[in-house]
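Trainee: I would like to learn how to read a fold from its strand pairing, packing and side-chain contacts. Please take me through one example.

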Amino acid sequence: MYLSLVRWRTTTTTSDAPSPADLVQAVQGYFQLLPGNSDEAFQRLTSDMQQTSGGPTGYKQYWDGVDQVKATKVQAVGKNKVSAVVTYKKKDGSTSKEADVFTLVQQGNTLLIDAQSSQQLPN
């Protein structure tokens, strides 16, 4: 399934910041691409985050080892921040779960993931 990047119209209100719903939709859309469409998902990261994630080769290698990923409890938790519980099922059969906070930035009309902090959770 092809998912377009999150876009919204700029209005004449006092704030042109993305809404909490826009932020949540951006993170949900990112994880819906994975692990099968890592090339498109990689484009939803800022250049800093792309480098942090190992560049195109490292990023693809990581996701090639993942069988399934699921983001639950996705919610906006502050200005340009979204929290989620992310569960990874690796192709080797192992599973891991973490509580993540994503920082998003607006570039043009697109929201990109700029940072991620993680805390391991019990499976």
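Trainee: Which residue in β2 stands opposite Ala 76?

Mentor: A pairing is read residue by residue across two strands. Here Ala 76 faces Val 82 of β2. Keep in mind that this is a predicted model.

Trainee: How many bridges pair β1 with β2, and in which sense?

Mentor: Count the bridges, then look at the strand directions. β1 and β2 are paired over nine bridges in the antiparallel sense. Another pair to check is Gln 68, whose bridge partner in β2 is Lys 89.

Trainee: How many residues lie between β2 and β3 in their hairpin?

Mentor: Four residues lie between β2 and β3, and Gly 93 in that turn has a positive phi of about 95°. The strands themselves run antiparallel and are joined by nine bridges. Lys 89 has Thr 95 as its bridge partner in β3.

Trainee: How many bridges join β3 to β4?

Mentor: The count is 11 bridges, with β3 (residues 95-107) and β4 running antiparallel. Within β4, Ser 117 is the residue opposite Val 101.

Trainee: What is the order of the strands in the sheet?

Mentor: The four strands form an open sheet in the order β1-β2-β3-β4, with antiparallel pairing. β1 (66-78) and β4 (110-121) are the edge strands, each pairing on one side only. From one strand to the next the twist averages 25°.

Trainee: How should I think about the side chains on such a sheet?

Mentor: In a regular strand the side chains alternate between the two faces of the sheet. The next step is to see what packs there.

Trainee: Which strands does helix α1 touch?

Mentor: Helix α1 (residues 20-32) packs on the sheet and touches β1, β2 (81-90), β3 and β4. Its direction makes about 170° with that of β1. Helix α4 (residues 55-64) lies across β1 and β2, at about 110° to β1.

Trainee: What pattern does the chain follow along the sequence?

Mentor: List the elements in sequence order. The chain has four helices and four strands, and they follow the pattern α-α-α-α-β-β-β-β.

Trainee: What is Phe 31 in contact with, leaving aside its neighbours within four places in sequence?

Mentor: Phe 31 is in contact with Val 69, Ala 71, Val 86, Tyr 88 and Phe 102. For the whole chain, residues 24 or more positions apart account for 43% of the contacts with a separation of 6 or more.

Trainee: How many of the charged pairs count as salt bridges?

Mentor: The count is two salt bridges. In one of them, Arg 44 and Glu 40 meet at 3.6 Å, N to O, and both residues are buried. In the other, the closest N and O atoms of Asp 64 and Lys 60 are 3.5 Å apart.

Trainee: Where do Asp 64 and Lys 60 lie?

Mentor: Both lie in helix α4, four residues apart, about one turn of the helix.

Notes:
Residues are numbered from 1 along each chain as its sequence is written. This is a predicted model: local features need pLDDT of at least 70, side-chain atom pairs count only at pLDDT 80 or more; totals for chains, interfaces and linings use all residues. Side-chain values use heavy atoms; hydrogens and water are left out. Two strands pair if DSSP finds at least two bridges between them. Axes are lines fitted to C-alpha atoms, for helices over the stretch in contact, and angles run from 0 to 180 degrees between N-to-C directions. Contact means heavy atoms within 4.5 Å. A salt bridge is a side-chain nitrogen of Lys or Arg within 4 Å of a carboxyl oxygen of Asp or Glu. Buried means under 20% relative accessible area, exposed over 50%, partly exposed in between (1.4 Å probe, protein chains only).
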